[in-house]
Each structure stands twice: as structure tokens, then as C-alpha cells.
Amino acid sequence: MNGTAALIAVLQVLIVIVGVGGGWWLLNAATSFDDHDELWRRSNWGYLVQRVGFVAVQVIGVSSLIGHELTKWSSLAWIGGGIVWATVLAILGFWITDWMILRTRATPLGALNGVPLSVGLVRLGYYLGLALVVRATFIGHAPDLRTSLLSTLVFAVAGVAGLVIAFYLHGLVAPGKLRTEVVAGGVTEGLESAAVLTAVGLILHGAIAGDFTTWGESLAGFGMALGVAYVGLYVARYLIDWFVLTGDCTLKTIHAQQQKGAAALLAFLLVMVALPIGAVVNLYVE
């Protein structure tokens, strides 16, 4: 690596750091409460996981751009544009998770400190899934700039739709009334929902990442990945119930009795299962 490439690499990282700092300051300015007090003195976990998710969208989202085209100064513009785009999507995520996923009235930014941990976990899962989708949209090459920008927009929107559908489908198969339980503070429902959203994001990452071919092939691969994600995860969910969750601990009792340890294990295993599924999907769509 020559001197120019090293300098560009350092500047790329600095742009990301400045972007994250700017997003952190923006949220601090938008809230009407003392963020320092909520995060560090009160240890408000419900608020903290939301902030962590916001940063994850910014950093993970543009991570695929860092280290690329180190011989071109124009790569800095791509990093800057990417961090702005990721920040905009993260901000929109507050309203998307309220209106489209949790089906509750919009939570004002000034009231984010009053969100229960369960809702914060769902938002964290959405953000992690979104971060992986955004990252994937920056991987690969397109025949021209217009197609590159348009495909980034189209597949980001499609990814958001896929995450929303995933939460809706999860509400159909999960015992009880998922949305009601999450809003009421059900941590186990929040953990499993967050895992499903993250896992779907991992699988969609495998479908979206790569060179653009044609709209037909790209959208067909995306649709196939969604189907594989939904079916594969729920097959894995029931296999985990049969072979891992033993004794009095089942998918039903996890939520009915708020068995947080079992819910955390289920969430972890769902995300782990998504890794090989995403790898297979990536091989197929390539």
C-alpha cells in the first residue's frame, strides 16, 4: 500500500467516525431529556439498545465500502454518501418500527427513554437486519452509475419490506398476541423477534450482495431468499424446540413464563442458523 492509498484509507475511517459522532449528536439534540443521565446514570437498557442499533446501521451499513478503491479519491464521496444514506434509513427506522411493525402510535423522539426494553430489542433487531441489508446493497458492481444508485435504493426498500413481513409472519406463528406482549414489556417476545429480524437480514445479505446482472434475475434471487429465510428459520425454530429446549421449557412456556435464558438461547441459535442459510443463498444467486 502506497502513501496515497494509506491516506485514503485513514480518511475513509475518519469519515465513518465523524458520521457516527454526527448521528449521536443529532439524536442527543432531538431528545428532550438528558441522554447522559439516561444512558450512564440510570442504565436505561431500553433506550441504550435503540442507540446501539442506530450506530450499527451506520457502521455495518458502510463497512463494505471501507478499504475499496484506495487509489481513487472519489471513494471518500461514496463513504460520505453511504453514511448519510444509512443515517437517514436509521432515522426512518424509528417510525417504521412504530407504525409498520409494532402497530402503535408514533413514539416521539423525545420519549424514546420511556420505551420498554422489549420494544427496544425489537428495534435493535430491525436495525441489525437493516444494517446487513444496507451493507449488501454496497457490494458488487453495476454496469453504470444510474443502475448502481437505483439498485441500492430498490433493494434497500425491498429489504425493509422483507423485515416488516418477517415480523408480521412471526406474529402469526408465535404463541399469544406478539405485538401486544412486546408493547406490554414481554422481554422474551422481544428477544425472539429481534433474532428473527437479524436472521432475515443475514439471509437477505447473501441474496443482495454481489454484482448486478438483470432486474429479473436480481429480484428473483431476492424473492427466493425471502422464501428460504421464512421457511428455513421456522423449520429451525421447531427443531430447536424439539431437540434443545428440553423438559418444561418449550416455545410456549418461554413466553408464558418469561423464561429469559431460554429465549436468549433460542435467539442466538436462530441467528447462527441464518449464517449457513445466507451462505447457501449467496452461492445460489451468484
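Let's start at V49, which, once neighbours within four places in sequence are set aside, touches L117, G120, L121 and L124. This is a predicted model, so keep that in mind as we go. V49 is found in helix α3, and it counts as buried because its relative accessibility is 12%, under the 20% cut-off. For a sense of span, take V49 and L145: they sit 96 residues apart in sequence, and their C-alpha atoms are 36 Å apart in space.

Now hop over to G93, a residue of helix α4. With a relative accessibility of 0%, G93 counts as buried too. Leaving out neighbours within four places in sequence, its contacts are R123, Y126 and Y127. There's also a pairing to look at with G53: 40 residues separate G93 and G53 along the sequence, while C-alpha to C-alpha they are 10.0 Å apart.

Next come the helix pairs. Two packed helices are described by the angle between their axes and the distance between the axes. For α6 and α8, the angle is about 145° and the axes are 10 Å apart. The crossing of α6 past α8 is right-handed. On the α6 side the contact is made by F155, G159, G162, L163, A166, F167 and H170, and α8 answers with E192, S193, V196, L197, V200, G201, L204 and I208. Sort the residues of this contact by class and you get nine nonpolar, five polar and one charged.

α8 also packs against α9, again at an angle of about 145°, with axes 9 Å apart. Here too the crossing is right-handed. From α8 the contact draws on E192, V196, A199, V200, I203, L204, A207 and I208, and from α9 it draws on G221, F222, A225, L226, A229, Y230, L233, Y234 and R237. The class count for α8 with α9 comes to 14 nonpolar, one polar and two charged residues.

From packing, we can turn to the space left over. Rolling a probe the size of a water molecule over the atoms shows where empty space is left. The largest pocket in the model has a volume of about 890 Å³. It is lined by 33 residues, and the ones closest to its centre are I139, G140, H141, A142 and G210. Several helices supply at least two lining residues each: α4 (74-101), α5 (117-137), α6 (145-173), α8 (187-208), α9 (215-243) and α11 (260-285). The largest share, five residues, comes from α6.

Finally, have a look at two spots in the backbone. S43 has a phi near 50°, a positive value in a residue other than glycine. You'll find S43 in the loop between α2 (35-41) and α3 (45-62). Its relative accessibility is 40%, so S43 counts as partly exposed. Q258 is the other one: its phi is near 50°, also positive in a residue that isn't glycine. Q258 sits in the loop between α10 (251-256) and α11. At 25% relative accessibility, Q258 counts as partly exposed.

Note on methods: Residues are numbered from 1 along each chain as its sequence is written. This is a predicted model: local features need pLDDT of at least 70, side-chain atom pairs count only at pLDDT 80 or more; totals for chains, interfaces and linings use all residues. Side-chain values use heavy atoms; hydrogens and water are left out. On a 1 Å grid over the protein atoms alone, a cavity is a set of points where a 1.4 Å probe fits but cannot get out, and a pocket is an open set with protein on both sides within 12 Å along at least five of seven lines; lining residues have an atom within 4 Å of a point. Grid points are joined across faces, edges and corners, and a volume is the space filled by probe spheres set on the points. Helices (H or I, at least four residues) and strands (E, at least two) are DSSP runs, numbered from the N terminus. Axes are lines fitted to C-alpha atoms, for helices over the stretch in contact, and angles run from 0 to 180 degrees between N-to-C directions. A crossing is left-handed if the near helix is turned anticlockwise from the far one by less than a right angle, and right-handed if clockwise. Contact means heavy atoms within 4.5 Å. Ala, Val, Leu, Ile, Met, Phe, Trp, Tyr, Cys and Pro count as nonpolar, Asp, Glu, Lys and Arg as charged, and the others, Gly among them, as polar. Buried means under 20% relative accessible area, exposed over 50%, partly exposed in between (1.4 Å probe, protein chains only).
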